[in-house]
Amino acid sequence: MSLGDEPGYGDGPRGEEGGYGGSGQTRTRLPDRPGDVYGGARRGRGSSSRSLVTVVGVVVLLIAAIAFANRGEDAASSGDGSGDKAASSPTAASGNPPVTTKSAGIPSGFPHTREGAQSAAANYGIALGSADMFNADQRHAIVDAVYAPDVAAARQPDLDTAYTSEKFLTNIGLDKNGAAPAGQTFISRIIPVGTKTKASSTDSATVELWYTSLFGLSGDGSTNPVSESWYTTTYQLKWIGGDWKVTDFTQKDGPVPVGRDQKASTADDMTKAVKEFGGFTYAR
C-alpha cells in the first residue's frame with residue numbers, strides 16, 4: 001500500500017499523527033443482570049394467551065417479510081442484468097466471476113464497469129497493504145502494476161524512502177532490510193469487507209474500500225504483537241491501457257465494530273494461520 005493504508009506504531013511514514021500503531025480501545029456492554037445479554041430489565045411471565053398472540057404475530061410478520069424479500073429478488077432477476085441490480089442492492093454480489101489474469105501476481109484485467117472498478121480497488125488494496133511492500137523488488141512490481149504509469153514513476157522514490165526509513169522500520173520491529181527478527185513473522189494483511197462507488201464516469205471512478213487490517217510481529221519476544229484495525233480507503237481510479245489503475249487515495253479510520261470478549265490466540269497459532277490461510281481474488 002502507499003503507507004496510508006495500514007495501521008502502525010508511532011509516527012507513520014507519511015508523517016501523519018498516529019500512523020503506525022495508534023492505540024485503540026473497545027468497550028463491552030455488560031448485562032444489567034444475569035441472563036439478560038441486552039442489558040434490559042427482566043420482565044415477569046405473562047399469560048399463556050398473551051404469549052400465543054405474540055407468537056402468532058411474529059409468525060405473520062416473518063411470512064410477510066419473506067414474501068417481500070422474494071418479491072424483491074424476482075424483480076431484480078427480471079432485469080437485463082446490466083449491473084442495475086447491484087445499484088439497487090449495494091451489498092449484494094454482482095454474480096460476475098473473478099478475473100483470471102494477473103500482473104506481478106496481482107489480479108488484473110477488470111471489467112470496464114462500476115463493478116469492475118470496485119473489484120480492482122479491493123484487489124489493489126490487498127496488494128498495497130501486504131508485507132511484500134517492505135521488500136524493494138516486490139514493492140516496485142506492485143506499484144507498477146497497481147498505479148497509473150505516470151503516478152507510479154513519481155511515487156516510487158518517495159515510497160522507497162519511506163519504506164527504508166531506519167526510524168520507521170525500527171518502530172515496527174524490522175531491520176534495515178525490512179526483515180523480521182529471528183523467530184518472528186512480520187504480518188501485514190488486509191481483508192476487504194465491502195466496496196462502494198462514490199462517483200463514476202466512462203473512464204474514471206471513485207471507490208471506497210472498507211477493510212480490516214492485521215499488522216504486527218508474531219513470535220516469541222515480539223514487542224509489537226499482531227493487532228486488528230479498521231479503515232476505509234477511497235481510491236481514485238482511471239481506465240488506462242485496458243484496465244483500472246490507481247491515481248490517488250485517501251484514508252480514514254473505521255467504521256469500527258465493537259470488539260468481542262475473545263481470548264487472543266498464541267503467537268504460534270497466529271503465525272500458522274497467516275501462513276496456511278490463503279487470500280482471495282475479490283469480485284464485486
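The legends below describe close-up views of a predicted model.

Residues are numbered from 1 along each chain as its sequence is written, and side-chain values use heavy atoms, with hydrogens and water left out. Because the model is predicted, local features need pLDDT of at least 70 and side-chain atom pairs count only at pLDDT 80 or more, while totals for chains, interfaces and linings use all residues.

**View 1. Overall chain.** The chain has seven helices and six strands, where helices (H or I, at least four residues) and strands (E, at least two) are DSSP runs numbered from the N terminus. In order from the N terminus, the elements run α-α-β-β-α-α-α-α-β-β-β-β-α. Of the 284 residues in the chain, 33% are buried; buried means under 20% relative accessible area, exposed over 50%, and partly exposed in between (1.4 Å probe, protein chains only). Among contacts (heavy atoms within 4.5 Å) between residues at least 6 apart in sequence, 58% join residues at least 24 apart.

**View 2. The largest nonpolar core.** This core holds 39 residues, of which Phe134, Val146, Tyr147, Tyr235 and Leu237 touch the most other members. Elements that each supply at least two residues include helix H4 (136–146), helix H5 (149–163), strand E3 (184–200) and strand E5 (227–240). Helix H3 gives the most, with seven residues. A nonpolar core is a set of buried Ala, Val, Leu, Ile, Met, Phe, Trp, Tyr and Cys residues joined through side-chain atoms within 4.5 Å.

View 3. The whole structure has eleven aromatic pairs. Rings of Phe, Tyr and Trp (its six-membered ring) pair if their centres lie within 6.5 Å; planes under 30 degrees apart count as stacked, over 60 as edge-to-face and the rest as tilted. Phenylalanine 134 and phenylalanine 186 form an edge-to-face pair, 4.8 Å centre to centre with 80° between the planes. Phenylalanine 134 is in the loop between H3 and H4 and phenylalanine 186 in strand E3, 52 residues apart. Phenylalanine 134 is buried at 6% relative accessibility, and phenylalanine 186 is buried at 13%. The pair of tyrosine 163 and phenylalanine 168 is also edge-to-face, because the ring centres are 6.3 Å apart and the planes at 75°. Ring pairs link Phe134, Tyr163, Phe168, Phe186 and Phe215 into a cluster.

**View 4. Asparagine 123 in helix H3.** Asparagine 123 lies in helix H3 and is buried, with a relative accessible area of 3%. A polar atom of the asparagine 123 side chain lies 2.7 Å from the backbone oxygen of tyrosine 282. Leaving aside residues up to four places away in sequence, asparagine 123 touches Ile106, Pro107, Phe110, Phe280, Thr281 and Tyr282.

**View 5. Arginine 155 and aspartate 248.** These side chains meet in a salt bridge (2.9 Å, N to O), defined as a side-chain nitrogen of Lys or Arg within 4 Å of a carboxyl oxygen of Asp or Glu. Arginine 155 lies in helix H5 and aspartate 248 in strand E6, so the pair ties together parts that are 93 residues apart in sequence. Arginine 155 is partly exposed at 22%, as is aspartate 248 at 34%.

View 6. Glutamate 208 forms a salt bridge with lysine 196, the closest N and O atoms being 3.5 Å apart. Glutamate 208 also meets lysine 198 in a salt bridge (3.7 Å, N to O). These shared partners join Lys196, Lys198 and Glu208 into one network. Glutamate 208 is buried at 10% relative accessibility, lysine 196 is partly exposed at 48%, and lysine 198 is exposed at 54%.

How values were computed. Polar contact = N/O pair within 3.5 Å; in protein donor to acceptor, adjacent residues only side chain to side chain.
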